[in-house]
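Let's walk through how two protein chains meet. Have the picture open as you read.

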Amino acid sequence: MDALSMGLVAAMGALATVAGASEDIESDVGSQSNPNSQVQLAAQVGNPHRIYNKAISGEPPANALWATTAAVVAYTLITKFAMPALFAIAIGASVAALFNGVFSTSAYFGRNASQRRFNQWIYLDIVRYTTTSIMAHAWITAFCITCIAYIQTQILTPHHPFPMPVIALIWGLTVGAIGSSVGDIHYGGEREFQWRLFGQGLNTMLSGQIVRKAEAGLRNSIDNAWFCTKLGGPLTGLGFGLTVFLDNWRTTVFDPVTQAGLAIGMGLFFVILMNLYNFYVETSIRKKYGPYPGYKGDIAA
Amino acid sequence: MTVGGGAGGAPSAIDAKKLRIYGIGGALVGIYLAAILNSVLGTDIFSILAAAGAVAAAVMGANAVRRVCGYGIGTGVPSIGMLALGMGIVGASFGLSTAEQLGVSMAGVIIALVYAMVFGYIVGAIANKVMGFNIPIMEEGLTDLSGAGAMAIIGWSYAISGSLAYADMVSKVFNTGYLAIVFICGGLAILHPFNANLGPDEKQDRTLVNGLMVGSLAVVAVGLCSLATLSTTAAIITIVIGAAAWYYFYVWYYRLVKRDAAAVVGTGLLPPSAL
């Protein structure tokens, strides 16, 4: 371990935190992933809306695509044209953002056109101002993840043996998975069902009964991004940042070849510690706020 | 649970058999034409033909996703797209490396296609019989998907490597990591069309034009990669043709969206019925 490596690991953790936050907000602006099924169902149960319907795929493959696109472009520019890494990664992220725009708009058009019988209109003003916001967040995610992949494969010693695009693919999948499981709850569980007490769970009867009207006028996806920036985004960032930081910290402090046992042991220690902390958080919340009104006891499955 | 209420039996104007012939035929013709023209003329500018062939295969895959997922698999659409490329990559690697071992690298594509389709059929049979999906066309759908995945991988990889030799694939596509973009772009080209158009009023032509559009975008992506591995002329040709095709299909897709949507409005409140 040397000071430079530790600084790099810290920088990767910081980049990952930003990437996680922007990833979650990017998916929330477009209503991707889990909350998407409610946006999709809304029109079908008689609630047409003005919310973006960005059904690209689950977040992991979609983010893997943005990150990989940015990484292959950056890698090509760096290896073939000897371009400075920062410029190359910025250009790569721009290409990824353009790809994101294509996928986002085609999903919005397609999903809404397929709901003709439910009278779900396509609003072009929403396409114009929401897509750019989605693309901007995708740019940040792709930029940060490609930077992480670049640091891992080119600067951090020992260099990671995998090529840069593959590392970007793996981190893209990871950030998508973390955003999907951490941040989406804030949007899908709370924002879409603001009139329900949080934590009550979602009755099937309520599927598609999402909030469509805002404090003033009709709710749109930018309002949702504003809401999710408060908790969902930062928490996702924290989750992904910790994943990247702690995972690289243990292989930087302990040599992965000569001290493999210690590195693995430290990993297990983190997993156990986090599980205990999760257990503590859940039980203390249940004690403080539960049982929820309307809770009739567990129903046998 | 199903998100979109599926396409329920998926009515289609273009028959699946016809699309299968176009897809597999287009892919084989594209890849072999590219390989033969490149080696006979000693150039690499025809690599775009292999990429175009891969687009044909991806459209066939998109139609297979549409048929299988029309039985109510909504949230499973992305998974089945990834499965297609996963099976495809096994088939492609097997085919190309076996052909190399036998000393007939040109036969690699055929071996990969046959192996991938048999593999897909077995996976489909397991999904239906062991896991109990009970979707009548599961075996057929996964056979198509696996073949489409293998052809997409080989076609787009060829557009990066400029050669069908397994050693070149390994050094130019696998070791550089460009396989990652082939995998994920190929996966999206197969899964995105139906996923993006999911819903009760989904139309086959709109879905397939979306497939062509996303496939063309993948051609642009592999073109960008080939800047590092092929001659600049070949890479520029791939990028320009891919971008032009993307624009053409995107405009076409938007035209179909306007045809099918309840209304396309500049701005406005909710439909009067919903206020």
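**Where the chains meet**

Between chain B and chain A there is 1 salt bridge, meaning a side-chain nitrogen of Lys or Arg within 4 Å of a carboxyl oxygen of Asp or Glu. The partners are Arg117(A) and Asp201(B), whose closest N and O atoms sit 2.8 Å apart.

A word on the model: it is predicted, so local features need pLDDT of at least 70 and side-chain atom pairs count only at pLDDT 80 or more, while totals for chains, interfaces and linings use all residues. Residues are numbered from 1 along each chain as its sequence is written, chains are lettered from A and ligands numbered from 1 in the order in which they are written, and side-chain values use heavy atoms, with hydrogens and water left out.

Now zoom out. In all, 56 residues of chain B are in contact (heavy atoms within 4.5 Å) with 51 residues of chain A. The buried area, which is the accessible area (1.4 Å probe) that two parts lose on being put together, summed over both, is about 4700 Å² here, and carbon and sulfur atoms give 67% of that.

Finally, look for a spot where strands pair up (DSSP must find at least two bridges between them). Strand S1 of chain A, residues 122–123, runs parallel to S1(B), and 2 bridges join them. Strands here are DSSP runs (E, at least two residues), numbered from the N terminus. Within this pairing, Tyr123(A) stands opposite Val265(B).

Technical notes:
Helix = DSSP H or I, 4+ residues; strand = E, 2+ residues; numbered from the N terminus.
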